[in-house]
Amino acid sequence: MSQEQIRAALRALPIELPSWGFANAGTRFGAFPEPGVARDIYEKIEDAATVHRLTGVCPTVAVHIPWDLPPAGKTWADIAEFAKSEGVAIGAINPNLFQDHDYKLGSVCNPDPAIRKKAVAHLKECAEIMKVTGSKLLSIWLADGTNYPGQDDIKSRRQRLIDCLAEGYAAMPDDGEMLVEYKLFEPAFYHTDLADWGTSFTVCQKLGERAKVLVDTGHHGHYTNIEFIVATLIAEGRLGGFHFNDRRYADDDLIVGSANPYALFCIFHELINGNDGKTAFQTAYMLDQSHVVEKKIEAMVLSVLNVQTAYAKALLVDRAALAEMQVAGDVMGAHAILRDAYETDVRPILAATREEIGRPADPLKALATDALVAERRARRQVEPARASGAGLGA
Ligand code: AOS
Ligand code: ZN
Ligand code: ZN
Ligand code: ZN
């Protein structure tokens, strides 16, 4: 593949940023506020726009409802307009079906029909926000599950889940997609109603063609081969998107590629392989991170760069030679082709790709001396926020 083809492919891979990754977050042991951090939807959009300005590949920002809400007197149309004025657009709409006290025993799987009704109403509200903002994605993650054997009837919960999500699905715009995210455990510790890709996949099959599986790279058991899941979902036409982050233990939500960049490279290898062998499969590439000790914008920029690094290396795989080795049964020869690509220094290609679209060759360095970012940080420490309600990422 030529350098020009690689640069074109990198430019064409948009990476969506999560609004919640720009707000103060923490663990249950504490949070450490960052001076000048984004406090409301406007400031989160400003910071997401900064990442796009520095990288050129982050044109959308996902929002989480009700962590993100327009202030009194403003509408979602106004927020979408503000995003446009900042050079970005509203991406996936994420309903929050886990924080309200009513959801203690679940949302769409709750044994109480009144609470399920409330959850469905929230899904419909989010489907309306899609229509107003022009978003094409309703991204579902549920905390639903149980902590003890016998706590609730697993079979009934599955049916409630399907029935309620079907109502949310029907409320979406005709060209909207529902992304169904799974997670092995947490906050539930005995069973989770959407625990793995198979559960999400079968639920999507029940919902309809526009329901697809969302793979969060931090949501699996140790040693799970995520690229295998990715290859299978592509083959089945049900890969809806990613929440990229990195982890060592559980849902750590750390900077992408910080713990296991090789796994990310292998994922991109399957994304290219499952497509045309030249570019990655088109799906919703999103980050889902929660920064505790690191600076939010800096962490987000680094994640974007690390996604691009993994993709660039996967683009370098000599697929013709690989196919020959595979057919010949040359195990180590085939493996060496992947290793060659992985060990290539792609920093010059990435720098050239950025400069070609008028972005800094080194976005992290540019961020450190960015005047607008410094000005906003200072202003936010003295002026009140425009809206209330910066929510914590989980
Ligand atoms: C939670 O673990 C999931 O990753 C969700 O995507 C969630 O909505 C997001 O992380 C915000 O907390
Ligand atoms: Zn996620
Ligand atoms: Zn998560
Ligand atoms: Zn999380």
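Start by selecting Val180 and showing its surroundings: beyond the residues up to four places away in sequence, Val180 touches Ile140, Leu194, Ser200, Val203, Cys204, Ala211, Val213 and Leu214. Keep in mind as you click around that this is a predicted model.

As background, nonpolar side chains in soluble globular proteins tend to be buried together.

Stay on helix 9 and select Ser303, which sits in it. Is Ser303 buried or exposed? Count the C-beta atoms around it: there are 27 others within 10 Å, and the cut-off for buried is 20 or more, so Ser303 is buried. Setting aside residues up to four places away in sequence, Ser303 touches Phe244, Ile255, Val256, Leu287 and Gln289. Now draw a distance from Ser303 to Pro187: the two are 116 residues apart along the chain, and their C-alpha atoms are separated by 25 Å.

Next stop, Gly145. You'll find Gly145 in strand 7, which covers residues 145-146. Gly145 is buried too, with 24 other C-beta atoms within 10 Å. Which residues does Gly145 contact, leaving aside its neighbours within four places in sequence? Select Ala188, His191, Thr192 and Asp193 and you have them.

Now select residues 69-252. UniProt, in an unreviewed entry, lists this stretch as "domain: Xylose isomerase-like TIM barrel". In the model, residues 69-252 are 38% helix and 17% strand, and the end C-alpha atoms are 26 Å apart.

Finally, zoom out and switch to cartoon. The protein chain has 14 helices and twelve strands. Its radius of gyration is 21 Å, close to the 21 Å that the globule rule gives for 394 residues, so the chain is as compact as a globular protein of that length. Turn the view along the principal axes and the C-alpha atoms fill a box of roughly 60 × 55 × 40 Å. Colour by burial, and buried residues make up 47% of the 394 in the chain.

Technical notes:
Residues are numbered from 1 along each chain as its sequence is written. Chains are lettered from A and ligands numbered from 1 in the order in which they are written. This is a predicted model: local features need pLDDT of at least 70, side-chain atom pairs count only at pLDDT 80 or more; totals for chains, interfaces and linings use all residues. Two residues are in contact if their C-beta atoms, placed from the backbone, lie within 7 Å. Helices (H or I, at least four residues) and strands (E, at least two) are DSSP runs, numbered from the N terminus. A residue is buried if 20 or more other C-beta atoms lie within 10 Å of its own, exposed if 12 or fewer, and partly exposed in between; C-beta atoms are placed from the backbone. UniProt positions are given in the numbering used here, feature names are shortened, and annotations may be inferred rather than shown by experiment. The radius of gyration is taken over C-alpha atoms; the globule rule is 2.2 Å times the number of residues to the power 0.38.
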